[in-house]
Amino acid sequence: VGALVESGVITGFRAEVDPAALGLSIEVLISIRVHPHARRSLTRFQAYLTDLPESRQVYFLAGDRDFLVHAAVRDTDDLMRLYGLPEADWPAMTSS
């Protein structure tokens, strides 16, 4: 293993965290569409989504949606807050 790390074949190690053990009992996938005129802000918007504490992964998509966000929340109240948050902060977003 040491030789594989030194040669760059293995680039890192990771730990898997059980969201439920942290009280995050709901995992969701949220698809987001951005207004066409706001496309120049996609990198900033992706950074915003990635920085949300609930975000586990953020994917850029091809097709009629721009992003897919995998998030973990404690309950449905947290989910509703998260679901409404980006539209309030990012008026360039058309729908989620």
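**Pocket and aromatic rings**

The largest pocket here has a volume of about 230 Å³. This is a predicted model, where local features need pLDDT of at least 70, side-chain atom pairs count only at pLDDT 80 or more, and totals for chains, interfaces and linings use all residues. Residues are numbered from 1 along each chain as its sequence is written, and side-chain values use heavy atoms, with hydrogens and water left out.

A pocket is an open set of points on a 1 Å grid over the protein atoms alone, where a 1.4 Å probe fits, with protein on both sides within 12 Å along at least five of seven lines; lining residues have an atom within 4 Å of a point. The volume is the space filled by probe spheres set on the points, which are joined across faces, edges and corners.

Of the 14 lining residues, V17, P19, S55, R56 and Q57 are the closest to the centre. Strand β2 gives the most to this lining, three residues. Strands are DSSP runs of E, at least two residues, and helices runs of H or I, at least four, numbered from the N terminus.

Now the rings. The whole structure has three aromatic pairs, meaning Phe, Tyr or Trp rings (six-membered ring for Trp) with centres within 6.5 Å; planes under 30 degrees apart are stacked, over 60 edge-to-face, the rest tilted. F45 and Y48 are stacked, because their planes lie at 15°, with centres 6.1 Å apart. Both are buried, that is, under 20% relative accessible area with a 1.4 Å probe, protein chains only. F60 and F67 sit at 75° with centres 5.5 Å apart, so that pair is edge-to-face. Ring pairs link F45, Y48, F60 and F67 into a cluster.

Conventions
Buried means under 20% relative accessible area, exposed over 50%, partly exposed in between (1.4 Å probe, protein chains only).
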